[in-house]
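Here's a quick briefing to read with the model open beside you.

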Amino acid sequence: MKCSVCKKPAFVKVRYMKKSYCKEHFAQFIESKVKNTIEKFKLIDEDDKILVAVSGGKDSSALLYILSKLFNNVVAIHLDLGIGEFSRKSKEAVKELSKLCNVELKIYKLKDMVGFSIPEIKLERRCGACGLIKRYLLNKIAYEEGFNKIAVGHNLDDELSFIVNCLISGDIKQLSRIGPKTQTKGKLIGRIKPLYKCYESEMKLYCDAVGINYVKEICPFSKGAKQAVYKKALDLIEEKSPGSKLSFINSFIKKIKPLLPKEEVKLNECKECGFMTTSDVCSFCKLVKRIK
Ligand code: SF4
Ligand code: ZN
Ligand code: ZN
């Protein structure tokens with residue numbers, strides 16, 4: 001198998017493209033896909049100040065690496081969740097990566113910010129709580145430090161499994177909000193997903209191709225979530241019919257999303273913390289009270 005561009009021995013075959021690439025040309029292929037996504041969906045403007053959320057995993061690591069090649073206005077942020085060895089390795093990987101990318105890195109410790117770390121949460125839905133806390137704190141830090149966009153490492157498989165989940169549960173409201181970006185509204189900072197068209201498997205290969213040392217272990221609290229089942233089902237479809245995942249997201253954005261009702265969400269400031277919420281007190285403040 002030879003690279004379709006330079007004819008050197010190939011590193012990977014991209015079945016939906018009917019092409020093979022060496023490491024160098026695979027990296028170029030992924031980078032140009034991300035660049036096209038950014039341009040097509042107008043994710044980044046020249047004067048943006050972008051905070052890139054980096055966990056130490058393959059997706060966010062690849063994201064930081066690519067954005068730092070394409071733009072000067074990026075700063076990395078890592079939340080230390082206090083999950084023992086997993087968090088220690090994650091922090092080390094992120095430090096190494098930010099040096100490789102020559103990007104400023106901000107590290108915040110959850111324990112210092114809210115008074116507890118993730119293992120101390122005794123709620124049944126720990127992952128749900130962790131997700132909410134991470135979203136809230138990233139937004140708060142971005143707002144307080146003058147960033148106007150938060151870039152996250154959501155890939156194509158993440159987005160599709162979320163769409164499937166919404167379809168199965170009939171959650172039209174959530175479905176109508178799905179997309180590669182959200183707008184900034186007051187203290188709610190817009191989020192962008194430059195890896196929107198990148199397969200999860202491509203992110204692992206990209207990291208290997210360019211030499212990014214990401215954390216391979218999974219969080220000890222991660223349970224076989226529903227999303228993982230949907231991802232496997234989508235993999236099966238992709239295996240039988242290469243390119244199905246890309247067709248799915250393209251037809252969702254072009255044909256399905258425009259048919260969904262657009263509901264303007266009314267936001268006001270939380271009575272306790274002052275950040276944006278749809279009710280009197282935001283979910284983060286309610287959650288922290290329950291945990292404490
Ligand atoms: Fe947090 Fe769950 Fe992810 Fe672990 S698996 S980092 S607890 S959301
Ligand atoms: Zn090549
Ligand atoms: Zn609040």
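What follows walks through the metal sites, the sheet, the aromatic pairs and a few charged side chains.

This is a predicted model, in which local features need pLDDT of at least 70, side-chain atom pairs count only at pLDDT 80 or more, and totals for chains, interfaces and linings use all residues. Residues are numbered from 1 along each chain as its sequence is written, chains are lettered from A and ligands numbered from 1 in the order in which they are written, and side-chain values use heavy atoms, with hydrogens and water left out.

**Zinc ion (ligand 2)**

- Cys3 (SG), Cys6 (SG), Cys22 (SG) and His25 (ND1) coordinate the zinc ion (ligand 2) at 2.1 to 2.3 Å. Donors here are N, O and S atoms within 2.8 Å of the metal (3.2 Å for Na, K and Ca), and water is not among the atoms, so sites may look incomplete.
- Angles between the four donor atoms around the zinc ion (ligand 2) run from 95 to 116°, which makes the arrangement tetrahedral. For four donors, that label requires all angles to lie between 85 and 135 degrees.
- Along the chain, the donors of the zinc ion (ligand 2) are spaced C-x2-C-x15-C-x2-H.
- Cys6 is in the segment before strand S1 (12–14) and Cys22 is in the loop between strand S2 (19–21) and helix H1 (23–40), so the pair ties together parts that are 16 residues apart in sequence. Helices (H or I, at least four residues) and strands (E, at least two) are DSSP runs, numbered from the N terminus.
- Cys6 is partly exposed, at 29% relative accessible area, while Cys22 is buried, at 7%. Buried means under 20% relative accessible area, exposed means over 50%, and partly exposed is in between (1.4 Å probe, protein chains only).

**Zinc ion (ligand 3)**

- The zinc ion (ligand 3) is held by Cys270 (SG), Cys273 (SG), Cys282 (SG) and Cys285 (SG), at 2.3 to 2.4 Å.
- Its arrangement is tetrahedral too, because the four donor atoms around the zinc ion (ligand 3) subtend angles of 104 to 115°.
- The donor spacing for the zinc ion (ligand 3) reads C-x2-C-x8-C-x2-C.
- Cys282 is buried at 5% relative accessible area, and Cys285 is buried at 12%.

**The sheet**

- Five strands make an open sheet in the order S5-S4-S3-S6-S7, with parallel pairing. Two strands pair if DSSP finds at least two bridges between them.
- Strands S5 (105–109) and S7 (190–192) are at the edges with a single partner strand each, so one side of each is left without a neighbour in the sheet.
- On average, neighbouring strands of this sheet are turned by 30° against each other, direction ignored. The axes behind that value are lines fitted to C-alpha atoms, for helices over the stretch in contact, and angles run from 0 to 180 degrees between N-to-C directions.
- Strand S4 (residues 74–80) is mostly covered, with seven of its seven residues buried. Val74, Ala76, His78 and Asp80 point one way from S4, and Val75, Ile77 and Leu79 point the other way.
- Strand S3 (residues 50–53) runs parallel to S4 and is joined to S4 by four bridges; Ile50 has Val74 as its bridge partner in S4.
- Strand S6 (residues 149–151) pairs with S7 in the parallel sense over three bridges, and Lys149 has Gly190 as its bridge partner in S7.

**Aromatic pairs**

- Rings of Phe, Tyr and Trp (its six-membered ring) pair if their centres lie within 6.5 Å; planes under 30 degrees apart count as stacked, over 60 as edge-to-face and the rest as tilted. By this rule there are nine aromatic pairs.
- Tyr21 and Phe29 have ring centres 5.1 Å apart and planes at 20°, so the pair is stacked. Tyr21 is buried at 6% relative accessibility, and Phe29 is buried at 11%.
- Tyr136 and Phe284 are stacked as well, at 3.7 Å centre to centre with 5° between the planes. Tyr136 is in helix H5 (residues 126–144) and Phe284 in helix H11 (residues 283–291), so the pair ties together parts that are 148 residues apart in sequence.
- Phe11, Tyr21, Phe26 and Phe29 form one aromatic cluster.

**Charged side chains**

- The charged end of Arg126 sits over the ring of Phe221, 3.9 Å from its centre. That takes NZ of Lys or CZ of Arg within 6 Å of the ring centre and within 35 degrees of the ring normal.
- Lys216 lies over the face of Tyr214, 4.4 Å from the ring centre.
- Lys173 is in helix H7 (residues 172–177) and is partly exposed, at 46% relative accessibility.

Terms used
Tetrahedral: all angles 85-135°; square planar, octahedral: opposite > 155°, others 65-115°.
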